[in-house]
Amino acid sequence: MASVPVINLRKGHAVRHNNDICVVSDYELKTPPRMASYVQMSVRSITIGKVYNLRMTSNESMESVNLNRDSHEYSYKDGDGYHFMHPETFEDVLLGEDKVKDVKKYLIEGQKYLIVFADEVVAGIELPPSIVMEVTEAPEGVRGDSANNVYKTATMETGLDVQVPLFINRGDKISVKTEDGSYLGRAN
């Protein structure tokens, strides 16, 4: 593979570190006064899950790894893990708890997600910017509390807790921002 200067890397890029495929999870270019600039970054191994904190000068390079993204439909969860099916080949991809722990509250059966492969090994799941979810639990809004932007905690079908306006009730479908789990609005 090609060597890429660390100054050109960004969050989500795949690199080879210690003969292991890693994904950049945090990246910051620092340029202190009267000193050479350097890159402070964290890379997570996709095979063992270990996080490496690296500090490299801006003129160093790392070996780049190609990432492939392929759409798969979330099918179900069982004792083995989370099952995703390719919509055309019907191939089943099994992901362990370690690969989905950060996104499992956004997994809805029948919903399509992008699975990221690095050298034919699953690197993780990319969520869409927003997901439509159904409210399963929401306390009743108190009358007269609508003078300000008052929010209440509602539980979605996946167990995710979202701060929603008082008018949202059980059974409503809302759009949730996957970046931070915030309420975006009602869904049709």
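Predicted model: local features only at pLDDT ≥ 70, side-chain atom pairs only at ≥ 80, totals over all residues.

Modeller: Residues are numbered from 1 along each chain as its sequence is written, and side-chain values use heavy atoms, with hydrogens and water left out.

Biologist: How many residues does the largest nonpolar core have?

Modeller: A nonpolar core is a set of buried Ala, Val, Leu, Ile, Met, Phe, Trp, Tyr and Cys residues joined through side-chain atoms within 4.5 Å, where buried means under 20% relative accessible area, exposed over 50% and partly exposed in between, with a 1.4 Å probe and protein chains only. In the largest one, the residues with the most contacts inside the core are Phe84, Met156 and Ile174. The number of residues in this core is 28.

Biologist: Which strands stand at the edges of the open five-stranded sheet?

Modeller: Strands are DSSP runs (E, at least two residues; helices are H or I, at least four), numbered from the N terminus, and two strands pair if DSSP finds at least two bridges between them. The order in this open sheet is β9-β8-β7-β10-β11, with antiparallel pairing. Each edge strand has a single partner, so one side of it is left without a neighbour in the sheet. The strands at the edges are β9 and β11.

Biologist: Which residue in β8 is the bridge partner of Glu73?

Modeller: Strand β7, which covers residues 67–77, pairs with β8 in the antiparallel sense over four bridges. The partner of Glu73 in β8 is Met85.

Biologist: Is His17 buried or exposed?

Modeller: His17 lies in strand β2, residues 14–17, and, not counting residues up to four places away in sequence, it touches Cys22, Val43, Tyr52, Leu54 and Met62, contact meaning heavy atoms within 4.5 Å. Because its relative accessible area is 15%, His17 is buried.

Biologist: What distance separates the backbone oxygen of Pro128 from a polar atom of the Thr178 side chain?

Modeller: Thr178 is placed in the loop between β15 and β16, and it counts as buried at 12% relative accessibility. Leaving aside neighbours within four places in sequence, the residues in contact with Thr178 include Leu127, Pro128 and Pro129. The distance from the backbone oxygen of Pro128 to that side-chain atom is 2.5 Å.

Definitions and conventions
Polar contact = N/O pair within 3.5 Å; in protein donor to acceptor, adjacent residues only side chain to side chain.
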